[in-house]
Amino acid sequence: METYLAEQSLWWALLIFLLLGSVLFSINRWVWAPLSLAAAAGLVHFANPGPLSLGIAVVLVLLPALVALLGPLRRLLLVRPVMAFYRRAMPEISETERAALEAGSTWWDAELFTGRPDWHSLLRYTPAKLSEEEQAFLDGPVEALCALLDDYQIDNVDRDLPPEAWELIRKERFFGMVIPKEYGGLGFSQYGHAAVVMKIATRSISAALTVMIPNSVGPAKLLLKYGSTSQKQHYIPRLARAEEIPCFALTSNDAGSDAGSLQDSGVICRGKNDDGEEVLGIRLNFDKRYITLGPVATLLGVAFRLYDPEGLLGDNKDLGITLALVPATAAGVETGQRHDPNQMSFMNGPVRGKDVFVPLANVIGGREFVGRGWRMLMESLTDGRAISLPALSTATAKSSLRLASAYARVREQFGVAIAEFEGIQEKLGRLAGNTYAMDAARLVTLAALDEGHKPSVISAIMKYNMTERAREAVNDAVEIHGGAGVCLGPRNPLGQLQRFPAIGITVEGHNILTRTLITFGQGAIRCHPHLLDELNAVQGQVAGDPLKAFDQAFSGHLAHGIRNGLRAILLGISDGRFSKVPGGTPRELKRIYRRLNRASASFAIISDLLLLSYRGELKRKEQLSGRMADALSQLYLASAVLKHGHDRGYPEAERDAMLWSLEDSLHRIHVAFETLSHNVGGPIGWFIRRLAFPVGRRWRSVADERQRSLAAQVSRPGEVRDTLSQGMYLPDADGDERMAVLDRALALMLETGKLRRKLRKAARKGQLGEPGADYETMIKTALAKELITAEEAELLERTEQARREAIRVDEFDSLGLMREEGSRVAGMG
């Protein structure tokens, strides 16, 4: 028995040695490995003293030590076979994929992939702030432009912005917001640009899209970064002054998200320029669609694949994707036709070219940028996704909230404002929480962009999540309005807002693609601390010996995985305790920080498990990568909410909105991990469940009480409602616009709440005549019986008049509808 126990002690000691050694080796093999091996040898000998145990200890310790510590031996016996496995298992990174991966930069997304995010590095970023010039522009030209816009008239009758709006856009250089002052632009920050787009969008999405495109994906950004000196001097001032109306033509009939499959082509040849001189140039053929500003553009940026069959530029026949400037007046160019994108009236349509000749000097950047178009596009789109579409989406949520919160208090059923019904409160609370989360993510991301970051993965997260939440927000607002939300007309601004989310979800990479391929697929490679280095080493894309480079990356990856596995289990068991929380954090938010630390560690190790299990096949497991994208997205959104709250000093008035956003993100992370584990199945699915929730603790959805509290705060005038409306265009409070009418009715309904209840109580007692009497009769009867004063009667009548006006629905005769439809169709000609 003693011998058996001694043998068992020996093997337990060896097991402890292997675990301890691997952990310490993962931290720093040069310092800790020798110490752990020496300690393990002593442990083995201590467990069973004698020559045999000593010999076993020496052999079993020295062999791993030699492999671990002697570089050539380790690389021969361990690293080379692993590298060969990688080469077989992982797919080759194509040129277009590499360009997408290398576009932009990483930021907080990379911190989340480490499993141990440094919150101090996030919190010390300077919050986004408008300059005096930007604020003056918002208060002046933007207010003036918004006052000229009637979204219903634009989208349903005129099918275009009013001429006065077009003139103001040109005069005040709205198309030149991101162009530096030295070229005649406004030189706005990314935050300033986004604030302008958002404010216009709360008035008219079509107008906001018109202003947005030249500042986000138009040729100006490409020219500023890549253009030759002559191109910059000639084109950029003209673009700033709107003497040229730009568009960018990328999407083809068979190449939308897969821009690498462009059928549009150019051939290097000789031809005559505008002065009649024979020059080297390109013969272009292209057929593009969905091009915003295409019908009115005077200058086209065109993406195409360039060929050189005669070898006029060298030996390479296929030069790759190239970008060039094409005047709309060039022979063979066809513009002017329009699409009808969800009955919104921003200019959008096809542009085509047949045997169009442009000089080689028209290539953006000149001859040296031939074939570099794909990389240029990826870098241009990287920050665009994080600016304009989030601005439009947040504007949609803010407008929806402002309208729905007032309507819920004004509209009554069963003698009670529908804002008092829990079903409505659930929708209204979610609408308010979504709006807060969207605004927080927007502002934090813009601050990072203005600091010089160009986070491509975060841009994808923003585009996908903001547009999806905009759809959820407007749908909640429509449900709160009921029938009034689906009857279109000037009195229903929600009817116009409903049209945007489908467009936002579709453009600049459909959300299906953005979620299932880009966010996690590219994020795992781009943001993982070691994976891209491993792939580069395997494919020989490194300076020096690929085997040594792979050895270093693989050792780091192994350490990363072991640390995060242990960290995930420890934090899972303790629900995040023992993890660092920034100083000065309010007590109730410390729990949130710890859970996000726990979720980050789980996300990091689960990412490694999936990469190990599926390897190159993971890019085709779109549902799995989509769930990981959901988890990563919520980690980022929750981080942004915490940063936003920190920047604002954690105001008590915003407490419920902030906590709603954080608890909602945590619950969505839980759902992502849980559904992922069930669909992976097998041992890996079991490991995922154990790593994410080792003791079965779950993160619940937002509590009903918080939903009700948040709904009550936004359905009455006050700090919370005003905060969530910041940055909107608000019409004249005394005017007859829908938002002003609702706001006045809301204020009056709250002011007369006690009086209205008093009147209803008297009616139930039979003091106001026969049951069923109309409201005006009840007021007169109450006045006659001196139940209310004359002033109170006048106030009640005014309130009822405002209430009825606020809930009115548009009516049209058949002829009127036919005229409107005819006008709409005529505008598409």
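Me: In helix α27 (residues 682-692), which residues are buried, and on which side or sides of α27 do they lie?
Reply: The model is a predicted one, and in its helix α27 the buried residues are Gly685, Ile688, Leu691 and Ala692. An α-helix has 3.6 residues a turn, so residues three or four places apart point the same way.

Me: How are α24 and α25 directed relative to each other, parallel or antiparallel?
Reply: Two packed helices are described by the angle between their axes and the distance between the axes. For helix α24 (residues 587-614) and helix α25 (residues 622-647), the axes come within 11 Å and cross at roughly 155°. Angles over 145 degrees count as roughly antiparallel, so α24 is roughly antiparallel to α25.

Me: What classes of residue make up the contact of α24 with α25?
Reply: In this left-handed crossing, α24 contributes residues including Leu589, Ile592, Phe603 and Tyr614, while among those from α25 are Leu624, Met628 and Leu642. Sorted by class, the residues of the contact come to 16 nonpolar, two polar and no charged.

Me: How does α16 lie relative to α30, parallel or oblique?
Reply: Helix α16 (residues 388-410) packs with helix α30 (residues 738-751) in a left-handed crossing, and their axes are 9 Å apart at an angle of about 40°. Angles under 35 degrees count as roughly parallel, and the angle of about 40° therefore makes α16 oblique to α30.

Me: How many charged residues does the contact of α16 with α30 have?
Reply: On the α16 side the contact includes Arg402 and Arg409, and on the α30 side it includes Arg738 and Asp743. Alongside 10 nonpolar residues and one polar residue, the number of charged residues in this contact is four.

Me: Is Thr752 buried or exposed?
Reply: Thr752 has its place in the loop between α30 and α31 (753-764). Leaving aside neighbours within four places in sequence, Thr752 is in contact with Leu795, Leu796 and Thr799. Since buried means under 20% relative accessible area, Thr752, with a relative accessible area of 0%, is buried.

Me: Where is Val507, and is Val507 buried or partly exposed?
Reply: Val507 has its place in the loop between α20 (500-506) and α21 (511-527), where, not counting residues up to four places away in sequence, Val507 touches Leu389 and Lys463. Val507 and Arg385 are 122 residues apart in sequence, yet 9.7 Å apart in space, C-alpha to C-alpha. With a relative accessible area of 31%, Val507 is partly exposed.

Me: How many residues of helix α13 (residues 219-226) are buried?
Reply: The buried residues of α13 are Pro219, Ala220, Lys221, Leu222, Leu223 and Tyr226. Helix α13 is thus mostly covered, and of its eight residues the number buried is six.

Me: What percentage of the residues in the protein is buried?
Reply: The secondary structure of the protein comes to 34 helices and nine strands. Among contacts between residues at least 6 apart in sequence, 76% join residues at least 24 apart. Of the 829 residues in the protein, the buried share is 56%.

Notes: Residues numbered from 1 in each chain as written. Predicted model: local features only at pLDDT ≥ 70, side-chain atom pairs only at ≥ 80, totals over all residues. Heavy atoms only, no water. Axes fitted to C-alpha atoms, helices over the stretch in contact; angles between N-to-C directions. Helix = DSSP H or I, 4+ residues; strand = E, 2+ residues; numbered from the N terminus. Parallel < 35°, antiparallel > 145°, perpendicular 65-115°, else oblique. Left-handed = near helix turned anticlockwise from the far one by under 90°. Contact = heavy atoms within 4.5 Å. Nonpolar A, V, L, I, M, F, W, Y, C, P; charged D, E, K, R; others polar. Buried < 20%, exposed > 50% of the residue type's maximum accessible area, 1.4 Å probe, protein only.
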